[in-house]
Amino acid sequence: MKRPQDLDRKSVFVIVPSYNEQKVIAATLKPLIEAGYSVVVVDDGSSDRTPSIVGRLTVHYLRHPINLGQGAALQTGIDYALRKGAEIIVTFDADGQHRPQDILSLIEPIQKGEADVVLGSRFLRYEHKKDVPLGKRILLKGAILVNILLTGVWLSDAHNGLRALSRQAAEQIRLRENRYAHASEIMIQIRNLKLKHVEVPTRVRYSNYSKSKGQSFWNAFNIMIDLLLRRIYK
Amino acid sequence: MKAIQFILIPLVLVTMLVYLTHARSRIVGRIVVIFIGLAATAMVWMPEITQRVAEYLGVGRGTDLILYLGFLGLAFICSMLFSQLRHQEMQLTGLTRAIALIEAKNPSVSPET
């Protein structure tokens with residue numbers, strides 16, 4: 001017999017965009033499945049064994065026949081989740097950096113009607129600063145400055161893939177940046193659509209694996225140029 | 001100010017403006033290409049023309065003039081191509097997404113024990 005809270009969790013769709021993460025994808029997905037959320041894996045054209053690994057798990061599985069980028073994968077996942085009646089949509093990284101238990105703090109403000117968009121931040125609690133290695137911290141502080149210039153929104157953590165959207169917010173947001181500029185694009189749209197947003201503290205877990213996959217310094221320039229081109233060419 | 005500057009600067013600005021508003025307009029691109037073709041034909045047919053026009057505009061040599069105008073034309077065409085490319089990428093994204101949504105698999109329900 002289903003308990004009322006199971007039904008609630010099934011209306012929370014956790015979207016996990018994934019590209020060639022065969023080593024860690026199963027470990028990332030299992031706790032999410034066990035927590036009772038509706039898990040949506042968007043395979044962004046992986047060439048590894050991701051499809052067969054994910055095929056054995058109880059998740060919604062979508063696959064881009066070609067690799068488009070994390071932003072595109074997220075938008076595909078959002079479209080799907082809305083079609084399936086999602087009330088809350090959570091974006092969650094495939095590499096195991098995010099903690100499943102943080103999802104609860106993410107959806108709380110939405111359930112209470114306090115916000116349309118909830119963003120995870122690694123830097124809200126001083127003690128948690130040490131989670132992030134110094135070099136990366138400096139890079140991320142720079143990202144915050146760039147983010148303010150580009151989006152006009154101040155965040156304590158401008159590049160955190162852990163977010164929650166209410167259904168209404170997800171219906172209005174339309175990500176057109178396929179690659180990493182989507183993180184800034186989402187903030188621009190949140191500002192333009194005047195969506196209520198709030199940050200909540202989340203922790204991050206770096207393993208050697210996920211550290212090696214972090215964003216390079218040059219990506220920041222790529223993102224800025226992408227957003228500039230978007231303004232010119234529309 | 002040399003005459004050529006009076007011509008090139010507004011031309012550059014107009015180029016930017018025109019393409020910004022009609023970035024993928026087929027006719028604008030075609031007009032530019034036709035114009036370049038006609039101008040090139042004229043210059044090859046009567047090479048002295050470039051020298052005379054260049055002197056009139058305050059440019060040193062006819063070949064310099066060809067260089068300036070040629071560069072402008074190429075920049076314009078590249079810009080249009082780039083705009084087309086972006087549009088195609090957007091269409092590709094839409095197609096890929098449609099396929100992903102059509103082929104989406106629901107979770108295989110494991111039998112409850």
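Visitor: Where is B:Arg61 found?

Guide: B:Arg61 is in the loop between α3 and α4 of chain B; helices (H or I, at least four residues) and strands (E, at least two) are DSSP runs, numbered from the N terminus. This is a predicted model, where local features need pLDDT of at least 70 and side-chain atom pairs count only at pLDDT 80 or more, while totals for chains, interfaces and linings use all residues. Residues are numbered from 1 along each chain as its sequence is written, chains are lettered from A and ligands numbered from 1 in the order in which they are written, and side-chain values use heavy atoms, with hydrogens and water left out.

Visitor: What does B:Arg61 touch, not counting residues up to four places away in sequence?

Guide: B:Gln51 and B:Ala54, with contact meaning heavy atoms within 4.5 Å. The C-alpha atoms of B:Arg61 and B:Gln51 are separated by 5.9 Å, and the two residues are ten apart along the chain.

Visitor: And at what angle do the axes of α3 and α4 of chain B cross?

Guide: Roughly 80°, with the axes of α3(B) (residues 47–57) and α4(B) (residues 62–102) coming within 7 Å. Axes here are lines fitted to C-alpha atoms, for helices over the stretch in contact, and angles run from 0 to 180 degrees between N-to-C directions. That makes α3(B) roughly perpendicular to α4(B), a label for 65 to 115 degrees (under 35 is roughly parallel, over 145 roughly antiparallel, the rest oblique).

Visitor: Which residues make that contact?

Guide: From α3(B), B:Thr50, B:Gln51, B:Val53, B:Ala54 and B:Leu57; from α4(B), B:Gly62, B:Leu65 and B:Ile66.

Visitor: Switching topic: how many salt bridges are there over all chains?

Guide: Seven in the whole structure, each a side-chain nitrogen of Lys or Arg within 4 Å of a carboxyl oxygen of Asp or Glu. In one salt bridge, A:Asp43 meets A:Arg63 at 2.6 Å, N to O. A:Asp43 is in strand β2 (residues 38–43) of chain A and A:Arg63 in strand β3 of chain A, so the pair ties together parts 20 residues apart in sequence.

Visitor: How many cross the interface of chain A and chain B?

Guide: Zero by that rule. Still, 26 residues of chain A are in contact with 21 residues of chain B.

Visitor: What area is buried between chain A and chain B?

Guide: About 2,000 Å², with 56% from carbon and sulfur atoms. Buried area is the accessible area (1.4 Å probe) that two parts lose on being put together, summed over both. A:Thr58, A:Tyr61 and A:Tyr233 supply 27% of what chain A buries against chain B, more than any other three residues.
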